[in-house]
Amino acid sequence: MTQSLTDKEREAMHSDFGLRLSNSMKQYGPLCVGIDPHRGVLENWGYSVDAEGAELFAMRMLQAASGRAAAVKFQLSMFERYGSRGFVALERALYAARQMELITIVDCLHGGLSTTISAIADAYFKPDAPMLADAITLLPYYGARSLGGVINDALDNGRGVFIASLTSNPEGASLQTAIRQNGEYKGKTVAYGIAATAQKYNKSVKGLGSVGLIIGATISQWLQESGIEPGDFTGPILSPGYGWQGAEGSDLKNVFHGTNGNVLVTVSRAISQSGPDMDALIESTQTIAADVRKALREAIDGTSTAPRGHMANPKGLRTWEEQ
């Protein structure tokens, strides 16, 4: 399919996901509703803890998100636990989300050698993919460049990716802020090298790029050590950690100080705990959406109390492109 594209057509495809996500965020705000059918949540809702329960949960969460959130994110492992039936449930939920015209992200955190992850495009990106999604999440710890093939597959099909850079798990700090001993970004942190590699895919795109980062909302204490300045990144930033994991509006303001409308905050259990009553789910979604919108608006305005990253060039992106 992609070999027949002209350069202009390919350029349009590479910016497609970023454009669609940007438009959705402008219309509905920066909330991404996480669809994570945890065992405990299914039990609390009175649903069976199996593929059928997970599917029913997903469909109800989609209804709450529709018209109230910019995107939805499915946690693959919560469906995968049920084997083939779980994958069928996810396929159906993704199909329903597409019918609702919701932006879909599958949180699969795939990564590996380029030869082993080349099949991902068949699963998620191509028009006839069984789990067709707008974007997926990726792990870069086989080397960020190992993801080049699957990133290009996503872009060539008008899709996007989010690459883990500064995750919200506390144990991640020691790896992500470790100093690289060789290679293109020698002397920089691992997280910096990941972010710089991602930015290269976005540098020629006008507006929001299609290659994003995952930056947790709870990482402000080690943001400066990472050398990353989120406000300099021109792709989308997917941010977990708000609500159930402890991050509040002040954390969003501190971490994403100076960003420009490209942060997508994912919230799951803080919303789903209100279910299964639909009115309560909708009210919870709307309340959290308003809180997130307010915090990020203040971040854009520049209100912050946290120390910032220490990139050599205040424009940041030029530094990344030149190195």
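## Reading the labels, one value at a time

In this predicted model, Glu101 lies in the loop between helix H6 (83-99) and strand E3 (103-110).

Q: Why is Glu101 called exposed?
A: Its relative accessible area is 74%.

Q: What makes the phi of Glu101 worth a remark?
A: Phi of Glu101 is positive, about 60°, although the residue is not a glycine. Most residues other than glycine have a negative phi.

Q: Which value of phi does Leu109 have, and where does the residue lie?
A: Phi of Leu109 is near 45°, again a positive value in a residue other than glycine. Leu109 lies in strand E3.

Q: Why is Leu109 called partly exposed?
A: Leu109 has a relative accessible area of 36%. Buried needs under 20% and exposed needs over 50%, so 36% falls in between and Leu109 is partly exposed.

Q: How do you know that the peptide bond from Gly275 to Pro276 is cis?
A: Omega of that bond is near 5°. Pro276 is found in the loop between helix H13 (269-272) and helix H14 (278-301). As for the background, most peptide bonds are trans.

Now to the aromatic rings.

Q: How many aromatic pairs does the structure hold, and why is the one of Phe17 and Phe162 called edge-to-face?
A: There are 5 aromatic pairs. The ring centres of Phe17 and Phe162 are 6.1 Å apart, and the planes meet at 85°. A pair needs centres within 6.5 Å, and edge-to-face needs planes over 60 degrees apart, so Phe17 and Phe162 pass on both counts.

Q: What does the pair of Phe17 and Phe162 tie together?
A: Phe17 lies in helix H2 (residues 16-28) and Phe162 in strand E5 (residues 160-166), so the pair ties together parts that are 145 residues apart in sequence. Both Phe17 and Phe162 are buried.

Q: Why is the pair of Trp45 and Phe57 called tilted?
A: Their ring centres are 4.7 Å apart and their planes stand at 50°. Stacked needs under 30 degrees and edge-to-face over 60, so 50° leaves tilted as the label. Trp45, Tyr47 and Phe57 form one aromatic cluster.

Q: How do you know that Trp45 and Phe57 are buried?
A: Trp45 has a relative accessible area of 7%, and Phe57 has 0%. Buried means under 20%, so both residues qualify.

Conventions:
Residues are numbered from 1 along each chain as its sequence is written. This is a predicted model: local features need pLDDT of at least 70, side-chain atom pairs count only at pLDDT 80 or more; totals for chains, interfaces and linings use all residues. Side-chain values use heavy atoms; hydrogens and water are left out. Helices (H or I, at least four residues) and strands (E, at least two) are DSSP runs, numbered from the N terminus. Buried means under 20% relative accessible area, exposed over 50%, partly exposed in between (1.4 Å probe, protein chains only). Rings of Phe, Tyr and Trp (its six-membered ring) pair if their centres lie within 6.5 Å; planes under 30 degrees apart count as stacked, over 60 as edge-to-face and the rest as tilted.
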